[in-house]
Every structure is written in structure tokens, then in C-alpha cells.
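Please take a moment to look at the sequence and the fold before I start talking about them.

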Amino acid sequence: MTAIVSAENLTVTYDDFLALDTVSIDVAPGESFGLVGESGSGKSTLLRAIAGLSPVTSGRIVLDGKPLDAKYRDKAFYRQVQMVFQDPYGSLHPRQTVDRLLQEPLAIHGVADAERRILRALDEVGLGSSFRFRYSHQLSGGQRQRIAIARALIIEPQIMLLDEPTSALDASVQAEVLNLLEQVRRDRKLTYIMVSHDLGVVTHMCERLAVMKNGKVVERLSSADLVAGRLSEDYTKNLMVASKGFVRNAVA
Ligand SMILES: Nc1ncnc2c1ncn2[C@@H]1O[C@H](COP(=O)(O)OP(=O)(O)OP(=O)(O)O)[C@@H](O)[C@H]1O
């Protein structure tokens with residue numbers, strides 16, 4: 001496989017704390033790759049290291065065959081790689097209109113056809129042009145997350161880094177936003193790296209996944225392995241039980 005993104009023996013240390021311990025992953029173009037694990041296992045740290053937001057101590061990240069600088073990411077990187085965060089309340093300025101929020105990345109990247117792109121992005125995330133001049137504080141959590149996704153999509157990246165993109169949302173809204181992300185990936189042939197503590201979500205969204213614990217990858221699986229219950233580690237089995245409990249509770 002020729003990877004579009006690889007992490008090679010990546011280590012991240014915060015003061016003396018080893019948050020990521022020689023982790024390696026390879027993600028193929030067009031693939032949806034999941035990172036799962038309990039809280040504090042290092043999933044977000046790995047995603048943030050790829051985005052240049054966590055301090056890499058050793059190892060490297062390779063994008064399209066080219067090693068990236070340990071810290072610095074240029075504009076071309078963010079044109080290719082966009083990130084969506086967990087909290088749709090924190091990630092959008094409440095006193096900006098949707099239009100302004102969508103204009104901003106276009107201005108940063110010097111993209112000219114704002115009008116067409118804004119209308120396309122709103123349509124793509126299922127909101128439509130009537131939302132264009134609303135303030136983000138007038139939107140629900142699910143609508144905000146759709147705007148955060150539109151903001152990432154509007155500059156037409158190839159890769160999306162998704163950090164628990166639906167875990168702050170109600171279960172029914174969560175399913176809608178996951179379906180939207182899946183539809184967009186198919187339409188635009190995007191590559192996803194998606195963090196979730198919920199194996200159910202990752203089974204639904206991802207073809208392959210790495211299971212993380214204490215800053216290390218402890219198991220690598222395909223979603224078919226997960227569905228068939230082909231799990232080696234007790235830790236992964238426990239995560240599976242926990243997410244089944246979540247699904248039952250959500251339905252009940
Ligand atoms: N900026 C930071 N400074 C110090 N320690 C940090 C920092 N960011 C993360 N950590 C620590 O690194 C470890 C891994 O954190 P990380 O956010 O990657 O976990 P996670 O698996 O994404 O967990 P969660 O699901 O709770 O978000 C945790 O113990 C966390 O406290």
C-alpha cells in the first residue's frame with residue numbers, strides 16, 4: 001500500500017509524561033481509518049501531532065511521500081489537511097455569521113470563488129442558503145457541527161482529521177452527522193482519520209482501525225474483524241462491550 005499519511009515511530013512527550021510511545025500507522029488514499037481507545041490513551045495526541053498541534057519528540061509524519069517538519073505546517077498543508085474538533089460550541093465564534101465563518105478559510109487560502117463555494121458547502125452539509133446569515137449562537141449543536149464540517153470542506157482538502165466529531169451530540173443527531181460525513185467522503189473521495197472512544201461509531205465509519213492504550217497501539221483491526229468479533233486483546237473486547245452498552249442505552 002502507498003500511504004497518503006504515515007506516522008512512523010511517533011513519540012510525543014508533555015514534560016516527563018509519555019503521551020505517545022513510538023506509534024506507527026499507515027493510511028491509504030481514500031481510506032477511512034479509525035483511532036479508538038479509552039480516555040487518555042493518546043488518540044487525540046496522535047491526530048494533533050499529524051496536524052502539527054502536538055509536540056513531536058521523535059519519529060516522523062510523512063504526507064504524500066514527503067516527511068513533514070516536526071512542528072511547522074505551511075498553508076499548503078492546511079489546504080490539503082483539515083481538522084474537525086469535538087466541540088461545535090468551542091470551535092465556532094458565536095458572534096460571527098455562518099457566511100463570515102465560511103469566508104474566513106477562503107480568505108486565508110486566497111480562494112476567489114467564495115459565492116459558489118459557500119452555497120455548495122451549505123448545500124453539501126444539508127443546511128442550505130437560508131442558514132447563511134445566521135449567527136452560530138442561533139444554531140443547534142448538530143447544525144454547528146455541520147458548519148464546522150462545511151468550513152473544513154470549503155477549501156477542498158484531501159484529508160480530514162476528525163476528533164470525536166459527533167460525541168458532543170445527541171444520539172439521533174450523531175447518526176445524521178456520521179451519515180453526512182460518510183456521504184461527503186464518498187462524493188469527494190476524501191481520506192479520513194477519525195478518533196472515537198466508541199467502537200460502534202468506528203465500525204460504522206472506518207475500514208481499518210488502530211486500538212490505543214497508554215500511548216501505544218495495542219491492536220490493529222479491520223471493521224470486518226470487529227463485526228466478526230476477531231479481537232485478540234481483552235482491552236479491545238472490553239471497549240466492544242462498553243460501546244454495545246452505549247448502543248443499547250441509546251436505543252432504549
Ligand atoms: N497539552 C498537554 N499537556 C500535558 N498533558 C497532555 C496534554 N495533552 C494531552 N495530555 C495528556 O496526554 C494523554 C493523552 O491525551 P489524549 O488527549 O491524546 O487522549 P485521548 O485518548 O484522546 O483521550 P480522550 O478520549 O479523553 O480525549 C492524557 O493523559 C492527557 O492528560
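This is a predicted model: local features need pLDDT of at least 70, side-chain atom pairs count only at pLDDT 80 or more; totals for chains, interfaces and linings use all residues.

If you follow the protein chain from end to end, its secondary structure comes to nine helices and ten strands. The radius of gyration of the chain is 18 Å, close to the 18 Å that the globule rule gives for 252 residues, and it is therefore as compact as a globular protein of that length. Along the principal axes, the C-alpha trace spans about 50 × 50 × 35 Å. Of the 252 residues in the chain, 40% are buried. When we take the contacts with a separation of 6 or more, 70% of them are between residues 24 or more positions apart.

Now to the pair of helices. How do α3 and α4 cross? The axes of helix α3, residues 98–108, and helix α4, residues 114–124, come within 10 Å and cross at roughly 125°, which means that α3 counts as oblique to α4, and the crossing is a right-handed one. On the α3 side, the contact is made by Asp99, Leu102, Gln103 and Leu106, while α4 brings Ala114, Arg117, Ile118 and Ala121. Sorted by class, this contact of α3 with α4 has five nonpolar residues, one polar residue and two charged residues.

That is where I will stop, and I am happy to go back to any part of it.

Conventions
Residues are numbered from 1 along each chain as its sequence is written. Helices (H or I, at least four residues) and strands (E, at least two) are DSSP runs, numbered from the N terminus. The radius of gyration is taken over C-alpha atoms; the globule rule is 2.2 Å times the number of residues to the power 0.38. A residue is buried if 20 or more other C-beta atoms lie within 10 Å of its own, exposed if 12 or fewer, and partly exposed in between; C-beta atoms are placed from the backbone. Two residues are in contact if their C-beta atoms, placed from the backbone, lie within 7 Å. Axes are lines fitted to C-alpha atoms, for helices over the stretch in contact, and angles run from 0 to 180 degrees between N-to-C directions. Angles under 35 degrees count as roughly parallel, over 145 as roughly antiparallel, 65 to 115 as roughly perpendicular and the rest as oblique. A crossing is left-handed if the near helix is turned anticlockwise from the far one by less than a right angle, and right-handed if clockwise. Ala, Val, Leu, Ile, Met, Phe, Trp, Tyr, Cys and Pro count as nonpolar, Asp, Glu, Lys and Arg as charged, and the others, Gly among them, as polar.
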